[in-house]
Amino acid sequence: MVIAVAMCALAILIALRRSGSPAPEKDEASSAAEESAPLSQPVEAAPPPPAPATMAKPAAPSSPALPTEAKLMANLRHARNSGQLELAIQLAREGNRRFPDSDSAPERASILIHSLADNEQRSEARGEAEHMVNHYPDSEWVREVERFTGAHRHRNVRVNDAGELEYH
């Protein structure tokens with residue numbers, strides 16, 4: 001029986017070499033053990049091939065959730081009060097971009113103006129003040145910024161609730 005198994009293994013080896021495929025090297029003992037294994041043992045199936053790249057779904061970008069306006073304002077106030085001027089400027093600008101006409105916008109603009117001025121960016125502070133006093137003309141924050149910067153509203157121009165300029 002061992003001779004028959006060895007002959008079969010040798011015949012397979014010769015056939016593989018003639019076809020040009022390299023054959024795995026096995027010794028006769030391991031070949032005989034494989035041939036004598038009972039047929040009732042399950043054969044492990046090869047894992048399925050991976051899905052083609054064109055069919056794979058792209059992973060959703062994992063970005064942290066943006067803070068609500070209330071959270072952003074709390075972080076902004078904390079940054080300003082703790083002297084983190086660059087962070088305060090960054091947070092104020094982000095808030096102005098995301099929540100341009102909210103109830104907190106005038107306060108946020110005031111914090112931005114004060115942070116810019118304290119950070120030796122007076123020209124930018126003045127520009128922001130000019131914008132603020134005309135964009136939020138009825139806010140208490142505007143009156144404070146007018147006192148602080150000297151920027152004043154253009155009395156004959158006003159932005160109405162629809163965001164349109166009104167002349168009076």
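Me: What is the relative accessible area of R98?
Reply: Good place to start! This is a predicted model, where local features need pLDDT of at least 70 and side-chain atom pairs count only at pLDDT 80 or more, while totals for chains, interfaces and linings use all residues. Residues are numbered from 1 along each chain as its sequence is written, and side-chain values use heavy atoms, with hydrogens and water left out. Buried means under 20% relative accessible area, exposed over 50%, and partly exposed in between, using a 1.4 Å probe and protein chains only; R98 is partly exposed, because its relative accessible area is 23%.

Me: Which parts of the chain does the salt bridge between R108 and E69 link?
Reply: In this pair, the closest N and O atoms are 2.9 Å apart. R108 counts as buried at 0% relative accessibility, and E69 is buried too, with a relative accessible area of 17%. The two residues are 39 positions apart, so to speak distant parts of the chain: E69 lies in helix α3 (residues 69-81) and R108 in helix α5 (residues 105-118).

Me: What is the phi of E120?
Reply: E120 lies in the loop between α5 and α6, and it counts as exposed at 55% relative accessibility. Most residues other than glycine have a negative phi. E120 is not a glycine, yet its phi is positive, at about 65°.

Me: Why do α3 and α4 count as roughly antiparallel?
Reply: Axes are lines fitted to C-alpha atoms, for helices over the stretch in contact, and angles run from 0 to 180 degrees between N-to-C directions. Angles under 35 degrees count as roughly parallel, over 145 as roughly antiparallel, 65 to 115 as roughly perpendicular and the rest as oblique. The axes of α3 and α4 come within 8 Å and cross at roughly 155°. That angle makes α3 and α4 roughly antiparallel.

Me: Which residues does L76 touch, not counting those up to four places away in sequence?
Reply: L76 is in helix α3 and is buried, because its relative accessibility is 0%. Its C-alpha atom is separated by 7.7 Å from that of L87, 11 residues apart along the chain. With contact meaning heavy atoms within 4.5 Å, the residues that L76 touches are A88, L91, A92, R108 and I111.

Me: What is the handedness of the crossing of α4 and α5?
Reply: The axes of these two helices come within 9 Å and cross at roughly 150°. A crossing is left-handed if the near helix is turned anticlockwise from the far one by less than a right angle, and right-handed if clockwise. The crossing of α4 and α5 is left-handed.

Me: How many nonpolar, polar and charged residues are in the contact of α5 with α6?
Reply: The axes of α5 and helix α6 (residues 122-135) come within 7 Å and cross at roughly 160°. The contact includes L112, I113 and L116 of α5 and A125, A129 and M132 of α6. Ala, Val, Leu, Ile, Met, Phe, Trp, Tyr, Cys and Pro count as nonpolar, Asp, Glu, Lys and Arg as charged, and the others, Gly among them, as polar. The residues divide into 9 nonpolar, 1 polar and 3 charged.

Note on methods:
Salt bridge = Lys/Arg side-chain N within 4 Å of Asp/Glu carboxyl O. Helix = DSSP H or I, 4+ residues; strand = E, 2+ residues; numbered from the N terminus.
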